[in-house]
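Here is a short report on a few residues and on the nonpolar cores. Look at the structure first, then read on.

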Amino acid sequence: MQPEQIEIQRFLQRFPPFDALPDEALTGLAKKVEIAYYVAGSDILNYGEPVSDLFVVRSGAVETFRRNGELYNRLDVGGVFGQMGLMMRGRVRFPARALEDTLVYCISADLFNDYCDQYDDFSNYFEVDNAALLHQSVADQTNKNDLTTDKAKSLLMHGVVTVTKDTPICKAALIMTQENVSSLLITDPDKPIENDPEDDDGQAVGIITDHDFISRVIAQELDLQTPISEVMSTDMVSLDENAYVYEVMLTMLRFNVHHLPLLKKKKPIGVVTLEDIVRYESKSSLFLVRGIFAQNNVVELARYAELVPEAFVRMVNEDANSHMIGSAMSVIGRSFKQRLLELAEDELGQPPIPYCFLALGSMARDEQLLVTDQDNAIIFDDSYDAGLHGEYFSALTKFVCDGLNACGYSYCTGGIMATNPKWQLTLSQWKSLFSQWITRPDPEALLHCSIFFDLEGVWGREQWAAELRRHIATQAKNNSRFLAALARNALSRTPPLGFFKAFVMEKDGRHNNTINLKRRGTAPLTDVIRVHALAVGSRARNSFERLDDIIETNLLPEGKAQDLSDALEYLSIVRVRHQAHDVNQKLPPDNNIEPDNLSRFERRNLKEAFQVLSVAQNFLKFRYTANTPIAGKKE
């Protein structure tokens, strides 16, 4: 060895993890180390750039930072950095800067990976506990995008401005001018907030906007002494102040509103406007939704739908997490349905009776990605008469389902579509059918439960969907026989791990030697979470929100619900990135990944996520039996 290589070896053996390496390994390492020098204040690593080395501080000092510029760590002699980038897609996760004039040893990525494979102590130093590493990976992904961390209340530019329902129009207009706001919330002093323990009065019962003044007051030449309650909108959409910014955006886009009140303990604290959103995130890809409602026919919608993959990829590139992407894609899908239903009613005329069009499955759960077919159904008012109304709704459902297919939401091969007479039922019939599935859970019923119990109203009497969810929650919660059967059904799709935790690959045609992450990962995880959610009476649709309800009941051992959340997020984000890669490569997106194309770190996390699923399925086997009470907290 050269003298400088001997010096490198002597230095490295003083510090972990190099002090645990055998002498011959340390000698080999010292021969391949390269040396770099950075003057004080210079950047060593920049966020998102490719990283090809592990760095060891030989002299000087280095600071590492989070993406937002917050100091993460300060390293002196013997400190190592760059490992997170090497273990996570080969991109810098924590930027680094020389605090002083600094000399560093550089160990190549190939050598780093070889030593991780060969020497457990070396590997364990960087990889720590599997579950902790998976959680850190998910947390790192979540913390990348301000939309997923900033709260809705941060958007408020003005305090709440309210008037009572008896306020004359002229006075309300004057207050809007004086306060320089584009909307007012209308309160009813005599109407207490429902279930408010303080029983305070002053619940917001409506909203009036500047646009309303133009269309409902000026255009109608109303008497300016008319009470504001005569012209206010009562179907007010609102969110809690602790909702995230992306939830505000999705809600405004979904309901096509420009003003969204924020509530604190059911009391209004302010109104977010579209201008606030534009100011905050003017380039957000979620504004794609607005364009959907501007298309005038199916041909235009189908052409516009070609932009959806691009919007999906932009969200991935902006480091959105899977929850945000799934919510956005679901809102986009529901918006296509809503616009098609508008166009259908324009063509066919007003419906003869009230109805509700349902989204089912991943779209209803806010977990939709690019690869999806259409699962939908329809609820009729109990006055439905096939002889009188069947022709209209046959034409309407055909128009919508054909339109969805044209827009890239392919026909369901299993016939779970509103065009199927089997899934065209009155509200009473749906309740009866769901009760039948719960009380007599045969294999076909259990299969349907995994689809139809995730439902959301997208058009018409949307409250009927909420009524059905209440019905399901009430009927299923205390039915141990049904929950036991549903739990057994949730074990039908197992994670792709062999006896020694090696990946078990698909063996079918072009997907040979791949893993279908939906069929073997996210879908069975969703099934497990659904069983627990029904057991505790949760009415939430989204899997992550269901886990929040499950945590509150202490149904699962401590930490297990968080493990499920981390596993679902990780598997979902790997699916998301894979589909975005397919789009960029001009390939049809799918759910089949090749583990060999993942980094060592990603493969390790993938195995840990699958292991979480395996443990969760084993828990189902003994937690739910036909004779075991399910609901309520554990003693």
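## Thr372

Thr372 has a relative accessible area of 16%. The cut-off for buried is under 20%, so Thr372 counts as buried. This comes from a predicted model.

Thr372 sits in the loop between strand 15 (355–360) and strand 16 (376–380). Its side chain makes a polar contact with the side chain of Gln368, at 3.3 Å. Leaving aside residues up to four places away in sequence, Thr372 touches Ser362, Gly408, Tyr409 and Ser410.

## Gln424

Gln424 belongs to strand 17, which covers residues 424–426. Is Gln424 buried or exposed? Its relative accessible area is 16%, so Gln424 is buried.

The side chain of Gln424 reaches the backbone oxygen of Ala418 at 2.7 Å. Ala418 is also among the residues that Gln424 touches, once those up to four places away in sequence are set aside.

## The nonpolar cores

In soluble globular proteins, nonpolar side chains tend to be buried together. Here, the largest nonpolar core has 120 residues. Which residues have the most contacts inside it? They are Phe312, Phe336, Trp430 and Phe482.

Another core lies apart from the largest one. This other core has 42 residues, among them Leu21, Val80, Leu86 and Ile107.

Back in the largest core, Phe312 is one of the residues with the most contacts. Not counting residues up to four places away in sequence, Phe312 touches Ile325, Met329, Leu369, Leu370, Val576, Gln579 and Ala580.

Definitions and conventions:
Residues numbered from 1 in each chain as written. Predicted model: local features only at pLDDT ≥ 70, side-chain atom pairs only at ≥ 80, totals over all residues. Heavy atoms only, no water. Helix = DSSP H or I, 4+ residues; strand = E, 2+ residues; numbered from the N terminus. Buried < 20%, exposed > 50% of the residue type's maximum accessible area, 1.4 Å probe, protein only. Polar contact = N/O pair within 3.5 Å; in protein donor to acceptor, adjacent residues only side chain to side chain. Contact = heavy atoms within 4.5 Å. Core = buried A, V, L, I, M, F, W, Y, C linked by side-chain atoms within 4.5 Å.
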